[in-house]
Amino acid sequence: MPADQRLLGAVPELTESVIAALLARVPTYRRLPREQVTGELAQVTERRIRALAQAVRTGLPAPEAEFTDVREAAARRAEEGVPLDAVLLAHHLGMEVCWELVTRHARDGDAADLLVLNRLLLDQLRQATTTAGAGYVEGRRSLADERHAARHALLTALLDGTPAEEHAARAGLRLPPAYAVLRLAVADHPDEQAPGVDRTVAGHRKLRRLRAELDHRTRQSVLGSLSASGGVALVPLDCRPDGVPAATWQRLADTVHRTARAAGAAVRAGAAAAAPAGVPDAAALAHEVLEVAQAFGRPPGLHRLDDVLLEYQLSRPSRARPGLASLIEPLADAGDLLTTLRTHLAGGLNRRHTAHALHLHPNTVDYRLRRIAVLTGLDPTRPADLLRITAAIAAHDAARTQEPA
């Protein structure tokens, strides 16, 4: 009996055998609804057997149109979360069952025909698996696009202070009791400054590593809008915003540290906690904390309001701020004196540390400190002047930050 007739005559038997092999050897398919197995999967299997019989009869590969159902079925498996290896294995099992049937009664003189049949079955399998792979990728991409759009809409609603419950449901999420709102500033990776290197490509690579580490550390629960230079991230918390344990803040600080290490660039983060309805105010506060941490040369890492209370208060608008800022105005056009002063304060007033950080001789540091005292009337070596110097720098930086562009 010709092989194509043998296949067509055994369509019901083959369909049942393929489904049985699928359930026996691929555990994922055993978890699908019975109606789906006996309905959709059986129908697709029957169409593949008939298409195979047609290819065997004509000796020609099946046209691409014959595999439309394969592409569509693979896309549906992707949406259902069936692994790709299980989808591809299903096609291999189907061909195994069909090959066993048509070769069951082969004789010694059938070798040439079996070689032709083997080539046709391999062609059919190649077409089926490549089409299934493409359909699966399309299904995953569509699913990822929908999930990304839903999560972005949720992030936007939270930052805008609009009702977010419906957006959370569409994203398949529940609003937590609180979020840790992080405003991130990401420094350049060395590759972004390297001669001959495409800065955009280097920035994208840095951002990809940063996002991957952030997703890994937060189990992909973070909502974020990030670029190569920074952005905002909302990390769900399982506690009230006014009762975040110190251990939780420490884990977030560790996350920022590890994210920076993965990105290969320094990361500073301003942080605040808030209930979902309070996210806009928390985002504004986190941004202000980040600005203060940057202005005062705080090291990379996580910073909260508690960490910069004095600097934050000194940089707020008041009638005293212009006067404070004017105290160090003589240093604005005095070369590196203001940088020296900042470095000296940040280094704990250690002249050797300042000299090392600025690649200077300690005697040069002493000279610059004396010049600062002459120009401003404030002596960095005198404890009584340190608070006024700190306040003056805060007021100076705050005034410059809020100047119109």
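Which residues in helix 4 meet which residues in helix 5? Q36, E40, L41, V44, R47 and R48 in helix 4 meet D69, V70, A73, R76, R77 and E80 in helix 5, where contact means heavy atoms within 4.5 Å. By class, this contact of helix 4 with helix 5 has four nonpolar, one polar and seven charged residues.

A word on the source. This is a predicted model, where local features need pLDDT of at least 70, side-chain atom pairs count only at pLDDT 80 or more, and totals for chains, interfaces and linings use all residues. Residues are numbered from 1 along each chain as its sequence is written, and side-chain values use heavy atoms, with hydrogens and water left out.

Back to the first pair.

Next pair. By class, the contact of helix 6 with helix 7 has 13 nonpolar, six polar and no charged residues.

Last, one residue. K206 lies in helix 10, residues 199–217. Buried or exposed? K206 counts as buried, at 1% relative accessibility; buried means under 20% relative accessible area, exposed over 50%, with a 1.4 Å probe and protein chains only. Leaving aside neighbours within four places in sequence, the contacts of K206 include V186, D188, H189 and A263.

Note on methods: Helices (H or I, at least four residues) and strands (E, at least two) are DSSP runs, numbered from the N terminus. Ala, Val, Leu, Ile, Met, Phe, Trp, Tyr, Cys and Pro count as nonpolar, Asp, Glu, Lys and Arg as charged, and the others, Gly among them, as polar.
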